[in-house]
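This report is meant for a reader meeting the structure for the first time. Please keep the sequence and the model in view while reading.

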Amino acid sequence: MLQASKAPAPQLLVKFVLGAIAAVILPMQGASAGAGNSLAAARPGLHEQVDLRNTEGYTESARLCTLRAPSSGEITAIPVRPGDRVTAGQLLARVGQSDITAPYDGMVSAVLARVGESASSGRHLLTVFDPSRMRVVASIPRSKLRDVNLDDPVEIDFPSSNQRMTAQKVIVISQAERPMQMAKVYLELGATSGLQPGQLARANFAPGKP
């Protein structure tokens, strides 16, 4: 008499299935890791591609403010235009019965409203900056800081105004408690003529000593 063959024990079946899965997955993982390493080697990080002799940045003033309407009302006067130099206390705009005056000696960089318009309280009207406190803001990979001689003068080109200036002081902003990939660098210019906040700048950092 023929006897039915017994089914394999559940434990043996589970071991067989797991072994088959591992045989397929492990080679795939090894291939993926190898591809990832090859891609990383072929595409160096950003810090390896930075040209320290042509580092881009932008201009800003260490003292810049946007003047707002103190209350709601009609704008009845804006006697200044962008590029005008102003003195502290000078009338810059009038909204209703309120006068808005210059907070310090400076220059108007933007007029954001027109006479005859209605202004709600807090509306932006003008932007004023101090041209005697201009600087360039640039970023350098932290890993490249050791390749820069921060004691040497930094020449800066401004393509839009066809000017070249030398930074009076270089300040590196570092946050030890929050390590960042990029370090912010302030290139202090002091008093300038013809520069406005937001202009493109290109800094030429001198290489450090080997």
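In strand β14, V185 is the bridge partner of A138. This pair belongs to a predicted model, in which β10 and β14 are joined in the antiparallel sense by eight bridges. Strand β10 is also joined to β1, where five bridges link the two antiparallel strands. Within that pairing, T59 stands opposite V136 of β10. Strand β1 (residues 55–61) pairs in turn with strand β15 (residues 200–204), again in the antiparallel sense, over four bridges. There, T55 faces A203 in β15.

| Strand pair | Sense | Bridges |
|---|---|---|
| β10 and β14 | antiparallel | eight |
| β1 and β10 | antiparallel | five |
| β1 and β15 | antiparallel | four |

These pairings form part of an open sheet of seven strands, whose order is β12-β11-β15-β1-β10-β14-β13 with antiparallel pairing. The edges are held by β12 (163–166) and β13 (169–173), each of which pairs on one side only. On average, neighbouring strands of this sheet are turned by 30° against each other, direction ignored. In general, the strands of a sheet pair through backbone hydrogen bonds, either parallel or antiparallel.

Is strand β10 mostly covered or mostly exposed? Strand β10 is mostly covered, as seven of its eight residues are buried. The largest nonpolar core comprises 19 residues, and those with the most contacts inside it are V136, V154, I156, F158, L187, L189 and F205. The elements giving two or more residues to this core are β10 (134–141), β11 (155–158), β14 (182–190) and β15. Another core, of 18 residues, lies apart from it and has L92, V108, A119 and V128 among its members.

With neighbours within four places in sequence left aside, L187 is in contact with R135, V136, V154, I156, A167, K169, V170, A203 and F205.

N149 is located in the loop between β10 and β11. Because its relative accessible area is 14%, under the 20% limit, N149 counts as buried. The side chain of N149 reaches the backbone nitrogen of D151 at 3.1 Å.

T76, by contrast, has its place in strand β3 (residues 73–77). Its relative accessible area is 41%, so T76 is classed as partly exposed, a class that runs between 20% and 50%. Leaving aside neighbours within four places in sequence, T76 is in contact with R94, G96 and V115. T76 and E117 are 41 residues apart in sequence, while their C-alpha atoms are 8.1 Å apart in space.

The confidence of the prediction remains to be described. The mean pLDDT of the protein chain is 80, and 71% of its residues reach 70 or more. Over residues 12–18 the pLDDT stays under 50, and the model has zero contacts beyond four places in sequence for them. The pLDDT is likewise below 50 over residues 28–48, a stretch with five contacts in the model beyond near neighbours in sequence.

Methods:
Residues numbered from 1 in each chain as written. Heavy atoms only, no water. Pairing = 2+ DSSP bridges. Axes fitted to C-alpha atoms, helices over the stretch in contact; angles between N-to-C directions. Core = buried A, V, L, I, M, F, W, Y, C linked by side-chain atoms within 4.5 Å. Buried < 20%, exposed > 50% of the residue type's maximum accessible area, 1.4 Å probe, protein only. Contact = heavy atoms within 4.5 Å. pLDDT = per-residue confidence, 0-100. Polar contact = N/O pair within 3.5 Å; in protein donor to acceptor, adjacent residues only side chain to side chain.
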